[in-house]
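Trainee: I would like to go through this model and ask what stands behind each label. Please show me the structure before we start.

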Amino acid sequence: MSADTGGQQMDGGSTVGCSAYCTAAMANCSNLYPDEMACMNACSAFQTEGMVGDTSGDTLHCRLTAAEATQCAAASPSGGDVCGSRCE
């Protein structure tokens, strides 16, 4: 599933942004969260700056891109040193 918004900023942390992220994360990286509620709770804490399609930065957008590409470490809450790090 793609969260294409025509290159516009997505309302990160919102229900729409987190729904897209959690759909991709649960489908492609099923070991990240025990269920969708846990995913939505984690997502609500992600930074919302950035743009759809970002491939770096501690943001929801980067994690969504990673989840869609089955890059599960980067899609994770820690960001896998791509979309953030455990120290951020």
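Trainee: Which residues do ring pairs link into a cluster?

Mentor: Tyr21, Tyr33 and Phe46 are linked that way. Keep in mind that this is a predicted model. The structure holds 2 aromatic pairs.

Trainee: Why is the pair of Tyr21 and Tyr33 called edge-to-face?

Mentor: A pair of aromatic rings is described by the distance of the centres and the angle of the planes. Ring centres must lie within 6.5 Å to pair, and planes over 60 degrees apart count as edge-to-face. The centres of Tyr21 and Tyr33 are 6.3 Å apart and the planes stand at 80 degrees, so the pair is edge-to-face. Tyr21 is in helix H1, while Tyr33 is in the loop between H1 and H2, 12 residues apart.

Trainee: What makes Tyr21 and Phe46 an aromatic pair, and of which kind?

Mentor: The limit for the centres is 6.5 Å, and the rings of Tyr21 and Phe46 are 5.4 Å apart, centre to centre. With 85 degrees between the planes, this pair is edge-to-face. Tyr21 belongs to helix H1 and Phe46 to the loop between H2 and H3, so the pair ties together parts that are 25 residues apart in sequence.

Trainee: How do you know whether Tyr21, Tyr33 and Phe46 are buried or exposed?

Mentor: The cut-off for buried is under 20% relative accessible area. Tyr21 has 0% and therefore counts as buried. Tyr33, with 6%, is buried, and Phe46, with 9%, is buried as well.

Trainee: What lies over the face of Phe46?

Mentor: Arg63 does, at 4.4 Å from the ring centre. The distance limit for a charge over a ring is 6 Å.

Trainee: Which residues have the most contacts inside the largest nonpolar core?

Mentor: That core has 18 residues, and those with the most contacts inside it are Tyr21, Ala25, Tyr33, Cys39, Cys43, Phe46 and Ala67. Helices H1 (15–28), H2 (36–43), H3 (60–68) and H4 (72–75) are the elements that give two or more residues to the core. H1 gives the most, with 6 residues. Leaving aside residues up to four places away in sequence, Tyr33 touches several residues, among them Ala38, Ala42, Ala75 and Pro77.

Trainee: How do you know that Cys18 and Cys43 form a disulfide?

Mentor: Two cysteine sulfur atoms within 2.5 Å count as a disulfide, and those of Cys18 and Cys43 are 2.1 Å apart. Cys18 sits in helix H1 and Cys43 in helix H2, so the link ties together parts that are 25 residues apart in sequence. Both cysteines are buried.

Trainee: What joins Cys22 to Cys39?

Mentor: A disulfide, with 2.2 Å from S to S. Cys22 is part of helix H1 and Cys39 of helix H2, so this bond ties together parts that are 17 residues apart in sequence.

Trainee: Why is the disulfide of Cys29 and Cys72 called left-handed?

Mentor: The torsion about its S-S bond is about -85 degrees, so the disulfide is left-handed. This pair links distant parts of the chain, with Cys29 in the loop between H1 and H2 and Cys72 in helix H4, 43 residues apart. Cys29 has a relative accessible area of 2% and is therefore buried.

Trainee: How many disulfides are there, and which pattern do they follow?

Mentor: A search of the whole structure finds 4. Counting bonded cysteines along the chain, the pattern is 1-5, 2-4, 3-7, 6-8.

Key. Residues numbered from 1 in each chain as written. Predicted model: local features only at pLDDT ≥ 70, side-chain atom pairs only at ≥ 80, totals over all residues. Heavy atoms only, no water. Core = buried A, V, L, I, M, F, W, Y, C linked by side-chain atoms within 4.5 Å. Buried < 20%, exposed > 50% of the residue type's maximum accessible area, 1.4 Å probe, protein only. Helix = DSSP H or I, 4+ residues; strand = E, 2+ residues; numbered from the N terminus. Contact = heavy atoms within 4.5 Å. Phe/Tyr/Trp six-rings, centres within 6.5 Å; stacked < 30°, edge-to-face > 60°. Lys NZ or Arg CZ within 6 Å of the ring centre and 35° of its normal.
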